[in-house]
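Student: Can we go through this model together? I'd like to start with helix packing.

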Amino acid sequence: AERGGRRAELHKMAAAGAEAAAEEEKRLPEGDPESGGDSDDEGDSDSSGDGEDEEKENEAEIQRLEEQLSINAFDYNCHLDLIKLLRQEGELVKLRRARQKMSELFPLTEEIWLDWLKDEIKMASEISEREKVYELFERAVKDYICPEIWLEYAQYSIGGIGQEGGIERVRSIFERALTAVGLHVTKGTALWEAYREFENAILETAQPAPGSIPSPEQQQVLCSQLEKIHMLFRRQLGIPLLDMEASYAEYEEWSEEPIPETTIKNYKKALQQLEKCKPYEEALLGAETPKLAEYQAYIDFEMKAGDPARIQLIYERALAENCLVPDLWARYNQYLDRQLKVKELVLSAHDRAVRNCPWTVGLWIRYLLAMERHRVEHSIISEMFEKALNAGFIQATDYVEIWQAYLDYLRRRVDFTQDSSKELEELRSAFARAVEYLKQEVEERFSESGDPSCTIMQNWARVEARLCNNMQKARELWDNIMTKGNAKYANMWLEYYNLERAHGDTQHCRKALHRAVQCTSDYPEHVCEVLLTLERIEGTLEDWDAAVQKTENRLARVNEQRAKAAEKEAALAKQEEERAEQRKQARAEKKASKKAKKTRTGDKRKADEDDEGEWGQEE
């Protein structure tokens with residue numbers, strides 16, 4: 001009886017799908033009065049006036065929201081408000097455009113997608129329009145894992161079984177749905193049942209007329225169709241799903257043959273696995289949204305079990321409810337990068353990560369690396385980098401990180417065995433652009449470049465010196481680095497010195513260390529020692545004498561400056577000590593003054609009481 005009910009429901013569903021595909025429903029703006037009788041002209045007039053006022057208010061609000069989005073396209077709530085208002089007003093063309101713009105910027109929730117799909121289904125009467133709905137479904141199932149959308153997609157496709165290849169298309173969609181959400185412990189059963197009932201309906205249409213003998217071809221079709229349904233039952237019973245006992249009982253009732261031992265064995269194994277999953281499902285059921293801790297425990301459980309499909313599913317379920325948690329996306333993407341390594345899955349997850357959390361630079365960097373790892377075209381990677389620059393990072397250092405990641409990628413593209421190449425020129429151009437971008441765009445927004453040590457220019461200089469044998473350009477870059485407030489730091493001079501030592505010559509090494517001795521203020525003894533070591537190994541007597549004289553003079557000045565600073569600090573400390581003593585003395589005097597005042601008040605009160613006593617005695 002239950003199976004018959006499902007079959008009847010399937011037939012109704014198919015009929016409803018076909019009817020919906022052929023029917024176009026026109027929306028009336030909410031609040032518009034229905035055309036009633038003429039009995040009360042005054043009432044009609046008032047109602048019409050109220051409707052016109054509301055319509056004008058809504059039009060003004062729509063215009064305001066559109067202007068707001070033209071200023072800030074990433075205002076999520078503004079998109080929601082505009083879509084809601086346009087749907088209410090029945091502005092279907094504008095509504096479609098608003099939804100399209102929002103979907104380009106953000107992944108859409110299940111509710112938004114289902115509303116959009118249902119509206120489009122009502123308007124899709126022609127085959128070409130149905131194809132557009134299919135395309136919309138394809139976009140919808142990519143944002144988040146959503147069993148309801150997959151089920152809606154499969155049901156809608158049933159309405160097109162009369163078209164060429166319609167049945168195969170329905171099966172293809174069902175199979176993809178099972179791949180995506182068929183393992184969902186609590187919601188997967190609905191898809192398996194819908195798929196089976198679809199195949200049962202096909203089986204009924206293949207039955208010969210009552211009383212007739214099927215031909216060999218018909219018999220073959222029937223056997224093939226029966227085997228499809230058997231296989232669906234067997235596949236489902238091998239998966240841990242809620243209410244799988246009912247599915248097993250249904251299979252027993254439906255099958256005219258004994259259930260194979262292999263199927264029974266897989267079923268019992270799935271039941272055992274279900275018992276292990278139940279505590280985690282119950283924890284999710286009892287927890288409040290977003291259930292991050294409960295999902296993390298479930299993820300850890302599945303990671304230990306090691307089934308890639310189940311690990312992917314539980315991550316997707318967790319992300320559907322925690323889509324704005326960058327760390328969760330990062331862990332998921334790391335798992336996909338290191339374990340599954342399937343290009344389509346990996347890149348899709350990375351893309352959804354940066355669309356959900358565009359402010360997180362680490363997700364963009366991982367996306368660029370994944371694209372390079374999977375050999376995506378250079379133009380697409382460059383386009384993605386440009387999107388990252390416009391993502392609105394929250395601190396200046398984020399821009400340094402994304403630029404460095406992109407420059408690393410460009411450097412790996414260059415064949416440095418050639419003296420010149422298109423890739424090398426692109427790398428140099430990108431280095432120059434990065435320096436200018438941090439100086440102009442980032443400093444203007446954050447009042448700092450995010451790169452005080454000029455790491456990008458340092459890396460540029462290393463590339464020029466080590467890989468391009470162009471020390472002249474490397475020296476120019478280091479001159480620029482030192483003019484940006486870095487000349488006082490010993491480590492910066494030593495970094496430059498080491499570059500000269502590795503790829504330059506002794507003359508420039510000596511020149512760099514002489515400048516370092518003159519300019520360094522944090523660790524002057526260290527750079528003096530490095531200069532003397534250089535001259536001890538490679539210098540002439542004149543070089544040694546010059547180095548000794550320079551270092552002695554410099555250290556003498558440094559010690560003099562330190563002595564003055566120490567004296568000043570001691571004087572300040574003494575002044576502070578005197579002020580503290582004065583404050584202490586003032587507090588003591590104030591305390592003594594209060595005590596004396598309290599004593600005088602007590603003596604006066606006692607004297608008054610004595611006077612009152614004497615007066616009373618006189619009375």
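Tutor: What follows covers a helix pair, then the nonpolar cores. This is a predicted model: local features need pLDDT of at least 70, side-chain atom pairs count only at pLDDT 80 or more, and totals for chains, interfaces and linings use all residues. Residues are numbered from 1 along each chain as its sequence is written, and side-chain values use heavy atoms, without hydrogens and water.

Student: At what angle do the axes of H23 and H25 cross?

Tutor: Roughly 20 degrees, and the axes come within 10 Å. H23 is residues 490-503 and H25 is residues 524-538. That makes the two helices roughly parallel (angles under 35 degrees).

Student: Which residues make the contact?

Tutor: From H23, Ala490, Leu494, Tyr497 and Arg501. From H25, His526, Val527, Val530, Leu534 and Glu538. Contact means heavy atoms within 4.5 Å. Six of these residues are nonpolar, one is polar and two are charged.

Student: Which H23 residues are buried?

Tutor: Ala490, Met492, Trp493, Leu494, Tyr496, Tyr497, Leu499 and Glu500 (buried is under 20% relative accessible area, 1.4 Å probe, protein chains only). Their cover includes H21 (455-467), H22 (471-486), H24 (506-519) and H25.

Student: New topic. Which residues touch the most other members of the largest nonpolar core?

Tutor: Ile402 and Trp403, in a core of 106 residues. Such a core joins buried nonpolar residues through side-chain atoms within 4.5 Å. Helix H19 (residues 396-413) gives the largest share, 10 residues.

Student: What does Trp403 contact beyond four places in sequence?

Tutor: Among them are Phe385, Leu389, Arg433, Tyr437 and Ile456.

Student: And the second core? How many residues?

Tutor: It is separate and has 51 residues, including Phe106, Phe174, Ala194 and Leu232.

Note on methods
Axes are lines fitted to C-alpha atoms, for helices over the stretch in contact, and angles run from 0 to 180 degrees between N-to-C directions. Helices (H or I, at least four residues) and strands (E, at least two) are DSSP runs, numbered from the N terminus. Angles under 35 degrees count as roughly parallel, over 145 as roughly antiparallel, 65 to 115 as roughly perpendicular and the rest as oblique. Ala, Val, Leu, Ile, Met, Phe, Trp, Tyr, Cys and Pro count as nonpolar, Asp, Glu, Lys and Arg as charged, and the others, Gly among them, as polar. Buried means under 20% relative accessible area, exposed over 50%, partly exposed in between (1.4 Å probe, protein chains only).
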